[in-house]
Amino acid sequence: MMTPHVEYVLRIADSSLILGQRLSELCGHGPVLEEDIAITNIALDCIGQARLLLTHAGKLEGAGRDEDQLAFLRNEGEFRNVTLTELPNGDFGRVVLRNFLFSSFLEQLWAGLAASADTELAAIAAKSAKETRYHREHSADWVVRLGDGTDESHGRMAQALSALWPYMAECFAADGVDDAVAASGIGVAWSTLEAGWRQAVGPVLAEATLEPPPDTPFRSRGRCGVHSEHLGHLLAVMQHLQRSHPGARW
Amino acid sequence: MVNAVMTEQQAWQALAAVMDPEVPVLSVCELGIVRDVSADATGVDVVVTPTYSGCPATRVIESSIREALLDAGAAEVRVSTRLAPAWTTDWLSEAAHEKLRAHGIAPPVGDAPVGVQVIRFQPPCPRCGSRRTERLSAFGATACKALHRCVDCREPFEYFKPI
């Protein structure tokens, strides 16, 4: 059994890793060269943050697993990323909107973790906060530009928002792991980040002339290991090499 | 000099020649990523604070540091990573700024942004000095840089983002 501490770190690590893997799919496929490079740079930061967090989770777990074993040799049900991060990219508008919603959440999370009793986690959070700020700014610019753009771009952004918004609710649901790490001063309960997150995304969406859909009872459960049909396919691509050639290095 | 023990000063001297592979006008010392060097009879310990989490140069830098110190005569080189405090462009010296400018890269303007302040920059053009510049892309060839263009001399240039 994993301790709440390990589970909590894995949730953040896996969310960064899976989002990074999704974003890396745009490498060589961006709509224009500048955005291809920007998204790929953001993907690299996400994967870099995931590496630090996975390494840390492996040490906390104490079972001798390193970052590679955790990334490449776990099955779908063992991943703890929030479902939002594993959804297929869709069009460019949807890519930047997900980045915006999730980096706005991460910004709150990193700030909350800066005072963690787990000093390694606090250090990773303080470092990541600086990078996430640039990710958020990049995506917020695009959300406004596309949302408050042509009829076509506005329509696509509105559609993307109604598709992605319900998946954010998972991040703020009450949760036993959160309660345990919050009580021990290791982590911040994600549910406490919702107000700050709404304050951060509200003005940008308003400027983009986009209105979030009404909240629904739907709660995805990726961080508890219950995933959509999309994660298995993503892992098949991401893990293929290590599964076919165990221990391969270059 | 065979078997002589490398001093800290000699180690710093050797490290001053290790250039960042992405920004080859700055040494790893000028970039501020070498945080601590200590030397004793057994070898040299180097503490490194990485720049961006996603910087692909981190591994190359580590092996360059190792190689440079071994070449300079260190018995053994131990490189360790220190995450806190996180790397910041505030650690770049004024001399480093000047080297960047001479290389055609606009150095960071002002201190690293903190909190939730909006980050908007208009760095002066490193070629003609004009302040009329515009941003083309928030991310350049590497995560640490953005792509800008000078409205007056029309030259594109990279901007080393404050972080």
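B:Thr88 is found in the loop between β3 (77-81) and α3 (94-102) of chain B. Here helices (H or I, at least four residues) and strands (E, at least two) are DSSP runs, numbered from the N terminus. The structure is a predicted model, in which local features need pLDDT of at least 70, side-chain atom pairs count only at pLDDT 80 or more, and totals for chains, interfaces and linings use all residues; side-chain values use heavy atoms, with hydrogens and water left out. Residues are numbered from 1 along each chain as its sequence is written, while chains are lettered from A and ligands numbered from 1 in the order in which they are written.

With a relative accessible area of 10%, B:Thr88 is buried. Buried means under 20% relative accessible area, exposed over 50%, and partly exposed in between (1.4 Å probe, protein chains only). Residues up to four places away in sequence aside, B:Thr88 touches A:Lys130, B:Ala112 and B:Ile163, where contact means heavy atoms within 4.5 Å. B:Ala102 lies 14 residues from B:Thr88 along the chain, and their C-alpha atoms are separated by 21 Å.

Chain B as a whole contains three helices and seven strands, which follow the pattern α-β-β-α-β-α-β-β-β-β along the sequence. The C-alpha trace of chain B spans about 60 × 30 × 25 Å along its principal axes. Of the 163 residues in chain B, 46% are buried. Among contacts in chain B with a separation of 6 or more, 54% are between residues 24 or more positions apart. The accessible surface of chain B is about 8,000 Å², with 52% belonging to carbon and sulfur atoms; such areas come from the Shrake-Rupley method with a 1.4 Å probe, and for residues only the protein chains shown count as cover.

Strands β1 (residues 34-40) and β2 (residues 43-48) of chain B run antiparallel and are joined by six bridges. Two strands pair if DSSP finds at least two bridges between them. A hairpin through two residues joins β1(B) to β2(B), and B:Ala39 stands opposite B:Val44 in β2(B).

Chain B also has an open sheet of four strands, in the order β4-β7-β6-β5, with mixed pairing. Its edge strands are β4 (105-106) and β5 (133-137), each of which pairs on one side only. Strand β6 (residues 145-150) runs antiparallel to strand β7 (residues 156-160), and five bridges join them. B:Lys145 stands opposite B:Phe160 in β7(B). In a regular strand the side chains alternate between the two faces of the sheet.

Between the two chains, 25 residues of chain A are in contact with 30 residues of chain B. Chain A and chain B bury about 2,300 Å² between them, 57% of it on carbon and sulfur atoms. In chain A, the residues that lose the most area to chain B are A:Lys127, A:Arg133 and A:Tyr134, together 32% of what that side buries. Buried area is the accessible area (1.4 Å probe) that two parts lose on being put together, summed over both.

In chain A, A:Phe105 is found in helix α4 (residues 92-113). A:Phe105 counts as buried because its relative accessibility is 0%. Residues up to four places away in sequence aside, A:Phe105 touches A:Met168, A:Cys171, A:Phe172, A:Trp190, A:Leu193 and A:Trp197.
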